[in-house]
Amino acid sequence: LQWIADQAPGTIAAPYGTTERYLVQQAVNYVGSEVHTSIGGLFRASTDEVRAFLVEGANRRLKYLNDTYLVNKKFLVGDSFSIADAYLYIVLSWSGYVKVDLSPFPVVVEYFNYIGNLSNVVEAKARIATSPTTTY
C-alpha cells in the first residue's frame with residue numbers, strides 16, 4: 001500500500017520523513033495485523049466453533065475501533081483520506097460476506113458509510129463494478 005501511495009506523493013499518504021507518514025503506516029499496520037486477520041479469517045472458518053472464536057476476535061477489534069480509535073474522527077489519521085482508510089474500508093466491506101454484524105458498532109458504521117460515500121471511493125467502486133480487473 002505504501003508503494004501505491006508513493007506513486008502520487010502527498011495524496012493518499014503523507015510525504016516521506018513526516019510524522020504523519022509514520023502515523024499512516026501505523027494505522028495500515030494496525031488494520032493489517034488486527035482487523036484484516038480477524039475478519040479475513042472468517043472466509044475460511046472450518047467449523048462453527050472456529051467461526052464463533054473468530055467472530056469474538058473480530059468483535060473485540062471492532063469494539064476498539066468503535067470506542068477508541070475512530071471516536072470523533074472522519075479518517076484514521078489526520079483530516080484527509082489515506083491508504084489506511086482505503087484498507088480499513090475494504091476490510092469492513094467484507095463483513096457482509098462473512099456475516100459479521102457491524103450494527104453494534106455505530107461509530108464504525110458511521111465511518112464506513114462516510115468513507116463509502118466519498119467521491120473517490122464511489123468512483124473506484126463504479127470502475128471495479130464495470131471492469132473488475134482494471135482499477136486505474
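I will start with a definition: a salt bridge here is a side-chain nitrogen of Lys or Arg within 4 Å of a carboxyl oxygen of Asp or Glu. As background, side chains of opposite charge can pair when their charged atoms come close.

Two remarks on the source. This is a predicted model, in which local features need pLDDT of at least 70 and side-chain atom pairs count only at pLDDT 80 or more, while totals for chains, interfaces and linings use all residues. Residues are numbered from 1 along each chain as its sequence is written, and side-chain values use heavy atoms, with hydrogens and water left out.

How many salt bridges does a search of the whole structure find? The search finds four, and I will go through some of them.

Take Arg61 and Glu34, whose side chains meet in a salt bridge at 2.9 Å, N to O. Arg61 lies in helix α3, residues 48–69, and Glu34 in helix α2, so this pair ties together parts that are 27 residues apart in sequence. Helices here are DSSP runs of H or I, at least four residues long, numbered from the N terminus.

The cut-offs are under 20% for buried, over 50% for exposed, and partly exposed in between, with a 1.4 Å probe and protein chains only.

Next, helix α3 again. Asp67 forms a salt bridge with Lys63, with the closest N and O atoms 2.4 Å apart. The two are four residues apart in the helix, a separation of about one helical turn. Asp67 is partly exposed at 40%, and Lys63 is partly exposed at 48%.

Helix α7, residues 119–130, holds Arg127 and Glu123, also four residues apart, about one turn of the helix. They form a salt bridge with the closest N and O atoms at 2.9 Å. Arg127 has a relative accessible area of 32%, which makes it partly exposed, and Glu123 is partly exposed at 47%.

Last, Arg21. Where is Arg21 placed? It sits in helix α2, residues 19–40. Arg21 is buried, with a relative accessible area of 7%. Leaving out residues up to four places away in sequence, Arg21 touches Gln2, Asp6, Ala14, Pro15 and Tyr16, where contact means heavy atoms within 4.5 Å.

That is what I have.
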